[in-house]
Protein chains: 2
Amino acid sequence: MEEVIKKAADVTEKVCEWQPPEKLKALLDLELKDTGENHQKLLQFCRDVIKFSVKTNHPRFFNQLYAGIDYYSLAARFITEALNPSVYTYEVSPVFLLVEDAVLKKMIEFIGWEEGDGIFNPGGSVSNMYAMNLARYKYCPDIKEQGLSGMPRLVVLTSDECHYSVKKAASFLGIGTQNVYFIKSDERGKMIPEELEKQVLRARKEGSAPFFVSATAGTTVLGAFDPLDEIADICERYGLWLHVDASWGGSALLSRKHCRLLHGIHRANSVAWNPHKMLMAGIQCCALLVKDSSGLLKRCYSANASYLFQQDKFYDVSYDTGDKSIQCSRRADAFKFWMTWKALGTTGLEERVNRALALARYLVDEIKKREGFQLLLEPEYANICFWYIPPSLRNMEEGHEYWEKLHHVAPAIKERMMKKGSIMLGYQPHRGKVNFFRQVIISPKVIDVPQHLSLRVCVCVCLCV
Amino acid sequence: MEEVIKKAADVTEKVCEWQPPEKLKALLDLELKDTGENHQKLLQFCRDVIKFSVKTNHPRFFNQLYAGIDYYSLAARFITEALNPSVYTYEVSPVFLLVEDAVLKKMIEFIGWEEGDGIFNPGGSVSNMYAMNLARYKYCPDIKEQGLSGMPRLVVLTSDECHYSVKKAASFLGIGTQNVYFIKSDERGKMIPEELEKQVLRARKEGSAPFFVSATAGTTVLGAFDPLDEIADICERYGLWLHVDASWGGSALLSRKHCRLLHGIHRANSVAWNPHKMLMAGIQCCALLVKDSSGLLKRCYSANASYLFQQDKFYDVSYDTGDKSIQCSRRADAFKFWMTWKALGTTGLEERVNRALALARYLVDEIKKREGFQLLLEPEYANICFWYIPPSLRNMEEGHEYWEKLHHVAPAIKERMMKKGSIMLGYQPHRGKVNFFRQVIISPKVIDVPQHLSLRVCVCVCLCV
């Protein structure tokens, strides 16, 4: 624990101890045998696992949309791992069901709904699936029993900047990926409402049935927020279910300064929101929130298994929430977030969001000041997208050759950084733009003095080139 | 930790500290406020959460198909909670991806396949969904893009004793619950192969498309095993995908004595198997295993997100398994099972299975010997289903009134046991049979001397009446 918690967060240590797959396989003794190993050997396995694992708690881990560790959440997670609850019935998980209810209610309050419903589930992707299926059930309850065969073609609308899970959901739910209509977004990555309306009309003209719009609050790469209020107008006009995938951006709701990014979210029918990202609740902590409070979620998902949800129990069985879920066993993911919220209060969570956005702002300013760094676009949120331009390209004209060469820079830097264990930073090509870095600063371990931060980040990148 | 691990396992302590929902709400300070609480108060919250939570590690917790705690797994879970990995790419989760691969390979070996593929996912229910969608993709790859609208009606076949998740999957995947054909099972709860064939022919005659048979190895209530070999014959004959939901029964594969229960499983196309049940890997630890090794799983589930699964990485990207998943973030659930397997070896896991089945046998013998206990049926596996007949009913004729009265006995005993905190045991009505208890003995904390065990269990039930 010393190694995995304390040493992992030490900036003088490596963020990762890179080994290629085949070599790592040889280093670890992965084979499962007939007889067990002694405790000394098991302890060595643990040390090796820790040594060669990426330290997501390290101040230089910027690779994903999560980073850092919250010790209150971690304490809660140790408790739930040891209690090993499964959250389906009040009799087996009395505390965790009530905690989940309290957390959902509070999240619903921040969305701006007076009432609502919801369920914690294993991921933003799964939350989006839940929402799409729920909207389909609302649109045509018979589909639950009859299925889609013989039904009109259902159409899902989302922006071309949406998370890939919307496509996965359409495939999994039998709607089909070609029935996802991708709406053009503007240069900042925000869905263009006029384009949405055009596509709704197109779908109607084709005789198909548009029923579900998935807007994004905080896109994965650019961190863009779709204009929810204008999208809600269109959804109202055409009777469409509005889902907001706020897996990444939802946490801004807790900041009085930044909640305007999600202006209009109270008009949504459902929202996906992952406190495991910016709020550091630990993988996974994801809620699907639903505006309906008439029991739609349960009607849509229930199977009334009599061995689990007996109706002749001696307590109020409306507390048995398991039949709202696509899962049977379910983890007590709400508890870790509840513990953090209890410990920090809303103001503490708000500070966490404000700090991430202030650090993002600072990084942008530094990138603009420094030679060899080029910002892709002014960020709306915490995602800072930039190119590092190596000296050899700085005086070159921005033609085909320039972009072609620049495309190979980020992967090459990434490789060097990984092998050095100095920093982990994601890169990707996107919307015709060649490979660029995306940096998000969440971890409280990133030093609080901004000068040091930017110096560190930039110097680090430079040194690796 | 003292309370949650040591005290919770003490047989002289309560298995639960029952409070009705409204009263528990008042006892716990659930509200999330603007300002945080001090550490003393947080510690008190933790104590309350532990106090009022069910002790699934207590020797008298028999309420679900899991119980007890494995300390090796728990150590592994503490490590992963602290490292907070997300298992999608090799760069972020090098160790956990390799560990998952090693565990899947070993599980595949026990199924009897030469090769295969698979993925750990959040539950047996979700595994069954994965399998159904995979079978559909294999049956008609175009459905991924085109969806089900305009397709012939797809039909799923499973026994009337299957887990409720098969129905949930059919609903979620857009197939529709009425297109699940439930095959009659015999008096022991095993699917009748001749009935399966009849239903396949019926579906064909109707012009619909039967494509998927979900057999069950270890049903939830009775613990019955479908005759896999005969079912496989029919699946072969009609070109149907054979999935085996071995979420509960799969662990018997590790026992040379009991693996015959799953005879024929090597002929399945996919298998769901939850090591978090009998093998005590901790909620959740569930694998979907697939016989295909040509990449079907990835072709079916991939969305090729370029921000995550870049193709120009400096390592072999075939190790990035995230695109086989319906999730984006994914927990490192394989690791805790790997640790237990490493510690105990296959023989240790085998003993665990043998012990559970030996204790089940012993309980059956004791139930037969004792007045007032009546076995529902001879068990095949670890599920012992029985009625407790109170003295007032023992000399009554088994007519309508008798069954009506007996139906209320189990809920009444359950209530008393819960309120006393003496024992937790599930009950349910099933197949026209009035409420009966189902007991499964997994926990190693259940004392090893069988006399004591049965005495305890039976006396406990008796005392509560």
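1. Two strands count as paired if DSSP finds at least two bridges between them. Strand S5 (residues 209-216) and strand S6 (residues 241-245) of chain A meet this with five bridges, and they pair in the parallel sense. The model is a predicted one, which applies to every point below.

2. Strand S5(A) also has strand S3 (residues 154-159) of chain A beside it, again joined by five bridges and running parallel. One residue of S5(A) can be followed in both directions: A:Phe212 is the bridge partner of A:Val156, and in S6(A) the partner of A:Phe212 is A:Trp241. As for cover, eight of the eight residues of S5(A) are buried.

3. These strands belong to an open sheet of seven strands in chain A, in the order S2-S8-S7-S6-S5-S3-S4, with mixed pairing. Strand S2 (117-121) and strand S4 (180-183) of chain A stand at the edges; each has a single partner strand, so one side of each has no neighbour in the sheet. From one strand to the next, the twist averages 20°. In general, strands of a sheet pair through backbone hydrogen bonds, in either the parallel or the antiparallel sense.

4. The antiparallel sense is found between S2(A) and strand S8 (residues 286-290) of chain A, over five bridges. Here A:Phe120 stands opposite A:Ala287 of S8(A). Helix H5 (residues 94-111) of chain A packs on the sheet and touches S2, strand S7 (270-273) and S8 of chain A. The direction of H5(A) makes about 115° with that of S2(A).

5. Helix H8 (residues 165-172) of chain A is mostly covered, with seven of its eight residues buried. Among them are A:Val166, A:Ala169, A:Ala170 and A:Phe172, and also A:Lys168. Just after this helix, A:Gly174 takes a positive phi of about 80°.

6. Where does A:Thr346 lie? It is part of helix H12 (residues 333-369) of chain A.

7. How are the two chains related? A rotation of 180°, with 0.0 Å of shift along its axis, superposes chain A on chain B at an RMSD of 0.0 Å. The copies are therefore related as by a two-fold rotation axis. In chain A, the C-alpha nearest this axis belongs to A:Leu173, at 2.1 Å from it. Of the interface residues of chain A, 100% are also interface residues in chain B, so the copies meet through the same surface.

8. Last, chain A as a whole. Its secondary structure comes to 15 helices and twelve strands. The radius of gyration is 24 Å, close to the 23 Å that the globule rule gives for 465 residues, so chain A is as compact as a globular protein of that length. Along its principal axes, the C-alpha trace spans about 65 × 65 × 45 Å.

9. Buried residues make up 68% of the 465 in chain A. The chain exposes about 16,000 Å², of which carbon and sulfur atoms supply 51%. Among the contacts in chain A between residues at least 6 apart in sequence, 70% join residues at least 24 apart.

Methods. Residues are numbered from 1 along each chain as its sequence is written. Chains are lettered from A and ligands numbered from 1 in the order in which they are written. This is a predicted model: local features need pLDDT of at least 70, side-chain atom pairs count only at pLDDT 80 or more; totals for chains, interfaces and linings use all residues. Side-chain values use heavy atoms; hydrogens and water are left out. Helices (H or I, at least four residues) and strands (E, at least two) are DSSP runs, numbered from the N terminus. Copies are superposed by least squares on the C-alpha atoms of residues with pLDDT of at least 70 in both. Contact means heavy atoms within 4.5 Å. Axes are lines fitted to C-alpha atoms, for helices over the stretch in contact, and angles run from 0 to 180 degrees between N-to-C directions. The radius of gyration is taken over C-alpha atoms; the globule rule is 2.2 Å times the number of residues to the power 0.38. Buried means under 20% relative accessible area, exposed over 50%, partly exposed in between (1.4 Å probe, protein chains only). Accessible areas come from the Shrake-Rupley method with a 1.4 Å probe; for residues, only the protein chains shown count as cover.
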